[in-house]
Amino acid sequence: MTELVEWKPDWSVHPGETLRETLQERGLTQLACATLIGRTPQVVNQIINGKKSITADTALDLEHGLGISAEFWVRLQADYDLSVARQRRARTST
């Protein structure tokens, strides 16, 4: 019997990159996004630039404003956080 091996990439993309691409595809500015989700333009900019995480509350706001499920955003953030933690441990364990 063949052993299943889970693929774990050694890179990750902050969910802000996905948000940036979504806004570009929809022709929305960061200001328009901020208005749609009830956040400041600074918060949207920080998320897009990878300086701020997408919290559960922010995910709910994105769901309401953009129609993309909160679960999608939370999973992206969790996957990113886990990848960063793995990379950090790999660097400190060698």
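Predicted model: local features only at pLDDT ≥ 70, side-chain atom pairs only at ≥ 80, totals over all residues.
Residues are numbered from 1 along each chain as its sequence is written, and side-chain values use heavy atoms, with hydrogens and water left out.

Let's begin with the overall picture. The protein has five helices and zero strands, and reading from the N terminus the order is α-α-α-α-α. Helices here are DSSP runs of H or I with at least four residues, strands are runs of E with at least two, and both are numbered from the N terminus. Of the 94 residues, 26% count as buried. Buried means under 20% relative accessible area, exposed means over 50%, and partly exposed is in between, using a 1.4 Å probe and protein chains only. As for contacts with a separation of 6 or more, 56% of them come from residues 24 or more positions apart. A contact, by the way, means heavy atoms within 4.5 Å.

Now to the packing of helices. Two packed helices are described by the angle between their axes and the distance between the axes. The axes are lines fitted to C-alpha atoms, for helices over the stretch in contact, and angles run from 0 to 180 degrees between N-to-C directions.

Take H4, residues 56-66, and H5, residues 70-92: their axes come within 8 Å and cross at roughly 140°. H4 and H5 are therefore oblique to each other. For the cut-offs, under 35 degrees is roughly parallel, over 145 is roughly antiparallel, 65 to 115 is roughly perpendicular, and the rest is oblique. Who makes this contact? On the H4 side we find Ala56, Ala59, Leu60, Leu62 and Glu63, and on the H5 side Ala70, Glu71, Trp73 and Val74. These residues divide into seven nonpolar, no polar and two charged. Here Ala, Val, Leu, Ile, Met, Phe, Trp, Tyr, Cys and Pro are nonpolar, Asp, Glu, Lys and Arg are charged, and the others, Gly among them, are polar.

H5 also meets H1. The axes of H1 and H5 come within 9 Å and cross at roughly 140°, and that makes H1 oblique to H5. H1 brings Pro15, Thr18, Leu19 and Thr22, while H5 brings Phe72, Trp73, Leu76, Gln77 and Tyr80. By class, the contact of H1 with H5 has six nonpolar, three polar and no charged residues.

Next, the core. Which residues of the largest nonpolar core touch the most other members? Among its 16 residues, they are Leu19, Leu62 and Trp73. A nonpolar core is a set of buried Ala, Val, Leu, Ile, Met, Phe, Trp, Tyr and Cys residues joined through side-chain atoms within 4.5 Å. The elements giving two or more residues to this core are H1 (15-26), H2 (30-37), H3 (41-48), H4 and H5. H3 gives the largest share, four residues.

Let's finish with some individual residues. Beyond its neighbours within four places in sequence, Trp73 is in contact with Pro15, Thr18, Leu19, Thr22, Ile54, Ala59, Leu62 and Ile68.

Setting aside neighbours within four places in sequence, Gln77 is in contact with His14, Pro15, Ser53 and Ile54.

Last stop: Val84, in H5, counts as partly exposed at 27% relative accessibility. Its C-alpha atom is separated by 9.6 Å from that of Val13, 71 residues apart along the chain.
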